[in-house]
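Here's a quick briefing to read with the model open beside you.

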Amino acid sequence: MKNLLGFALIILLFSCQQEKKLPRVAIAGLAIESSTFSPARSTAESFKARIGEDIFNYYPFLADSTTNRSRAEWFPTLRGHAIPGGMVTREAYDSLVNLTLDMLRESLPYDGLFFDIHGAMSVEGLEDPEGDFILKVREVVGYETLISTSMDLHGNVSMRLAENSDLITCYRMAPHEDALESKQRAVENMLARLESGKGKPKYKAWIPVPILLPGEKTSTRIDPGKSLYAKVDPITQEEGVIDAAIWIGYAWADEPRNHAVVMVTGDDKNQVKESAEFLANSFWAVRNEFEFVAPVAYLDESLEMALNSEKKPFVISDMGDNPTAGGAGDVTWTLNELLKRPEFKSESGPELIYASIPGPDLVAKAKEAGIGNQVEGYAGAMVDDRFAPPLLLKGKVLAIKEGDSDAKTEVVVQIGSIKVIVTEKRKPYHHVKDFTDLNLDPKNTDILVVKIGYLVPELYDLRGDWIMALTPGGVDQDLERLGYQRINRPMFPLDKDMADPDLSVRWVKKSGK
């Protein structure tokens, strides 16, 4: 009899466990860096939105076989990620947000929502797009839903975004080698709070830090960024702290929310307060130590260094029009200057690869002419012609590649000893394969000019030497040339002699309170 009762109890316990409902968790987000100093505009097509189940393909930690996938009932809606660019059109923003909201309404209610954003989206006619977006999400899902927000460290955290996020985190590395790791942390923090029943953290500390610096000065590869961000993870191990984060902010948008921020969340008020103030003061203390992550010069000096260097390839970052920071990607100023140089007039001159310039006119003519033949057509300055006009390029077609997800069609045109990559649509060139697919050898060329700021890992590893060129464009690294009108002042380093700011905690109210 006792055995039967024991067996029945086991069956009952097992049944109860089986009937325990998994939390219902939605996924949504839009991610882009938008320069308000660029005339370019980003459209809905720019976001390459993933819809529904396709979203899981972006997150390896939510693949079918993963533990995280089995910890919740998931409701993926829309997740869009765009190459940085100009401001997002209001029509594009409204269409993507409204589609997200419609999809969220289909499966209400939710216990949690993973809000995957960048934090530096600028939209025509909106002061705080991510704050507006999360508020609209709250109007649909309500305030019982636990929202965990994941961001880029170059994003901006307004008070509205902080209030409506329950958990919030950002990357701790620049370049962003920990992007997926950070998103996973945001998801697992949320699931842990739902499973434990602890729900929303008791305390959220927010400290605005009046610093606005470009990513090229705040890389975590070197100090002081490296040491500063090394302080974050130990704080998250403290009892009573859930997560901690430092946002550098986004330097190429002229909006009041654009500045650095520190946030710490947790259940121990004193520990949260001390941790947030420690990070904020640590940031302020090293403000004068931030320097560019590589030598910096204007283009003429950069070229002289490259031509006289025995280290190959000599990489020049064409920083002002960097498409992965928000530049239009079609400024022709640098290429125009290169084509003037006598060193590159002959095919026997130093080999220089230039990546890249959009030119659908030239691309179409190159496809018609074919590989090995001469082509003549215009490229560049279709969006940003403030610094130089469209260029009439004349040269030999070396390669044609169709079907790229960003560029659509790519061609290589040789003009003297310069090999120019011309694209149907703009594309960043970050990987060795981007070049080798076009029969180019970036590792063994003399000079590699890339529209980028600090080098991403593959380019960093192949460099013989490297300099970042101060060139004009929508993401000009000389911030004083940008002409800010709307950011909060004083702001370091624009106001170098400003008084020490108030870096005490601002307590953020719980969402819905």
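Predicted model: local features only at pLDDT ≥ 70, side-chain atom pairs only at ≥ 80, totals over all residues.

A quick word on naming before we start: helices (H or I, at least four residues) and strands (E, at least two) are DSSP runs, numbered from the N terminus.

**The open sheet**

- Four strands make up an open, antiparallel sheet, and the order to trace is S11-S12-S10-S22.
- Strand S11 (241-247) and strand S22 (506-507) sit at the edges with a single partner strand each, so one side of each has no neighbour in the sheet.
- S11 pairs with strand S12 (residues 260-266) through 6 antiparallel bridges.
- How enclosed is S12 by the rest of the structure? Largely so, because 7 of its 7 residues are buried.
- Ala-260, Val-262, Val-264 and Gly-266 point one way from S12, while Val-261, Met-263 and Thr-265 point the other way, and all are buried.

**A buried arginine**

- Arg-185 belongs to helix H6 (residues 179-196), and its relative accessibility of 14% makes it buried, since the cut-off for that is under 20%.
- Leaving out residues up to four places away in sequence, Arg-185 touches Thr-169, Cys-170, Arg-172 and Asp-243.

**Nonpolar cores**

- The largest nonpolar core has 97 residues, and Val-157 and Phe-435 touch the most other members.
- What does Phe-435 touch, not counting residues up to four places away in sequence? Its contacts include Ile-353, Ala-355, Ile-421, Tyr-429 and Leu-459.
- There is also a second, separate core of 31 residues, with Leu-339, Leu-393, Val-397 and Ile-447 among its members.

**One face of helix H10**

- In helix H10 (residues 299-308), the buried residues are Leu-299, Ser-302, Leu-303 and Ala-306.
- Look down the axis of H10 and these buried residues fall within an arc of 95 degrees, so they line one face of the helix.
- The cover over them includes strand S13 (296-297), strand S14 (314-318), helix H11 (333-340), strand S20 (447-450) and strand S21 (465-469).

- Ala-174 and Pro-175 are joined by a cis peptide bond with omega at about 5 degrees; Pro-175 is in the loop between strand S9 (167-170) and H6.
- Another cis bond runs from Ala-355 to Ser-356, with omega near 5 degrees, and Ser-356 is part of strand S15 (residues 352-358).
- Lys-48 isn't a glycine, yet its phi is positive, at about 45 degrees; at 42% relative accessibility it counts as partly exposed.
- Asn-439, again not a glycine, has a positive phi of about 60 degrees. Asn-439 lies in the loop between helix H13 (432-436) and S20, and is exposed, with a relative accessible area of 67%.

**Salt bridges**

- The structure has 44 salt bridges.
- Glu-124 and Arg-41 meet in one of them, at 2.8 Å from N to O. This pair links distant parts of the chain, 83 residues apart: Glu-124 is in the loop between strand S7 (112-116) and helix H4 (129-141), and Arg-41 is in strand S3.
- Arg-105 and Asp-102 also form a salt bridge (2.8 Å, N to O); being 3 residues apart in helix H3 (residues 90-105), they are separated by about one helical turn.
- Lys-136 pairs with Asp-132, with the closest N and O atoms 2.9 Å apart. Here Lys-136 is partly exposed at 24% relative accessibility, whereas Asp-132 is buried at 12%.
- Asp-128, Glu-130, Arg-160, Glu-255 and Arg-257 are tied together in a salt-bridge network.

Terms used: Residues numbered from 1 in each chain as written. Heavy atoms only, no water. Pairing = 2+ DSSP bridges. Buried < 20%, exposed > 50% of the residue type's maximum accessible area, 1.4 Å probe, protein only. Contact = heavy atoms within 4.5 Å. Core = buried A, V, L, I, M, F, W, Y, C linked by side-chain atoms within 4.5 Å. Arc of directions from axis to C-beta. Salt bridge = Lys/Arg side-chain N within 4 Å of Asp/Glu carboxyl O.
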